[in-house]
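Please consult the sequence and the structure while reading.

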Amino acid sequence: MKYKNILITGGAGFVGSNLALKLRRDFPSVSITVLDNLKRRGSELSLKRLKAAGIEFIHGDIRNREDLVFDSVDLLLECSAEPSVMAGIGSSPDYLMNTNLVGTLNCLEVARKHNAASVFLSTSRVYPISYINNLKFEEAENRFNILDGQDIIGASSKGIAENFPLDKARSLYGATKLASELVVAEYVDTYGMKAIVNRCGVITGPWQMGKIDQGVFVLWVAKHYFKQPLSYIGYGGEGKQVRDFIHIDDLYRAIKLQLENFDDYNAGTFNIGGGLKNSVSLQELTVQCEDVTGNKVEIASVREDRPADLRFFITDSTKFLELSGLSWEKDTKQTIQDIYEWIRDNEADLKPILS
Ligand SMILES: NC(=O)c1ccc[n+]([C@@H]2O[C@H](COP(=O)([O-])OP(=O)(O)OC[C@H]3O[C@@H](n4cnc5c(N)ncnc54)[C@H](O)[C@@H]3O)[C@@H](O)[C@H]2O)c1
């Protein structure tokens with residue numbers, strides 16, 4: 001690891017705090033600073049763990065340039081965001097735009113001034129909703145499946161690849177991320193900045209403060225753990241909609257490899273997600289949650305679709321997996337088990353947030 005002064009924005013959040021603590025474990029001599037405004041409920045729980053690991057915490061806001069003054073930074077991991085696809089729907093988009101777009105530009109300025117390399121956490125939500133929902137699919141007994149032989153490039157039963165068209169609407173959230181990606185590319189071209197863009201599908205695992213609009217895997221396990229009702233919302237209300245997921249440990253392995261071999265990935269945009277193998281429908285997730293927790297909960301059915309929802313999303317990460325030689329280690333069962341054990345071991349802290 002050639003980077004000695006790492007700044008992680010959003011570093012008290014799910015992804016940021018996990019990356020900070022794992023980097024600290026693997027590279028004890030590196031200095032790690034995290035900045036977060038603690039907007040996400042539950043992110044305050046990270047502070048004790050970060051402190052115990054010797055990671056400096058700055059209570060700051062990426063919307064404010066005056067909060068972004070640092071002595072030295074040679075690597076920026078940009079993990080701060082309003083990460084909900086529902087953000088701005090039925091309310092003002094101000095916080096979303098000012099954090100995910102203006103805030104990201106402020107972070108890029110930090111990287112430019114310090115000549116730091118950066119990794120930007122983007123999202124599979126950059127891909128247009130209507131194109132995804134109009135893909136050819138089959139309705140199987142427990143799930144929807146994307147078919148091969150699509151009329152659009154970048155889509156197959158393996159999922160959505162980086163060359164999927166981008167010319168339709170994708171939600172305000174997705175738009176802030178795609179716009180940020182474009183600016184990252186310009187900083188690479190104009191200033192010679194080193195940067196990697198990772199378009200992640202659903203990421204999950206311990207320390208994700210799952211809620212209905214973000215973090216569905218944790219929400220599902222938690223509701224089973226605390227024996228509370230759930231709903232299948234949209235697409236007929238049968239729980240057949242499908243998502244792939246990547247365990248935070250596997251995402252860390254991917255990013256660690258990128259950091260250790262930055263030039264191989266520099267200026268690249270990579271889909272990083274669990275893929276077809278690590279994909280489940282809500283129905284299938286329910287069965288797995290019942291197995292692991294031993295609890296069965298009531299699940300209501302709401303037929304109407306939610307705005308910005310998708311029938312399915314599966315990440316085709318072939319480009320990254322072939323370049324890196326990696327394969328994912330954590331499957332559905334292990335991932336649900338990890339989340340379950342984390343909730344069990346931190347029940348008192350997590351109950352007010354996850355139940
Ligand atoms: N979790 C996923 O499934 C997923 C999938 C794809 C992409 N991503 C991206 O990964 C990144 C990390 O997401 P996450 O899941 O850890 O979300 P998170 O909400 O757990 O973490 C984001 C952190 O950013 C902080 N934050 C929000 N606004 C801020 C601001 N203005 N200034 C400073 N800090 C601010 C929050 O308090 C929170 O701690 C985000 O960019 C998100 O868009 C996440």
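Q: How many cavities of 30 Å³ or more does the count come to?
A: The model is predicted, with local features needing pLDDT of at least 70 and side-chain atom pairs pLDDT 80 or more, while totals for chains, interfaces and linings use all residues. Residues are numbered from 1 along each chain, and side-chain values use heavy atoms, without hydrogens and water. A cavity is a set of points, on a 1 Å grid over the protein atoms alone, where a 1.4 Å probe fits but cannot get out; points join across faces, edges and corners, and the volume is the space filled by probe spheres set on them. At 30 Å³ or more, the count is 1 cavity.

Q: Which element gives the most to the lining of the largest cavity?
A: Lining residues, those with an atom within 4 Å of a point, include Leu76, Thr104, Cys107 and Phe120. With 3 residues, the largest contribution comes from H3.

Q: Is Ser122 buried or exposed?
A: Ser122 lies in strand S5. Buried means under 20% relative accessible area and exposed over 50%, with partly exposed in between (1.4 Å probe, protein chains only). Because its relative accessibility is 6%, Ser122 counts as buried.

Terms used:
On a 1 Å grid over the protein atoms alone, a cavity is a set of points where a 1.4 Å probe fits but cannot get out, and a pocket is an open set with protein on both sides within 12 Å along at least five of seven lines; lining residues have an atom within 4 Å of a point. Helices (H or I, at least four residues) and strands (E, at least two) are DSSP runs, numbered from the N terminus.
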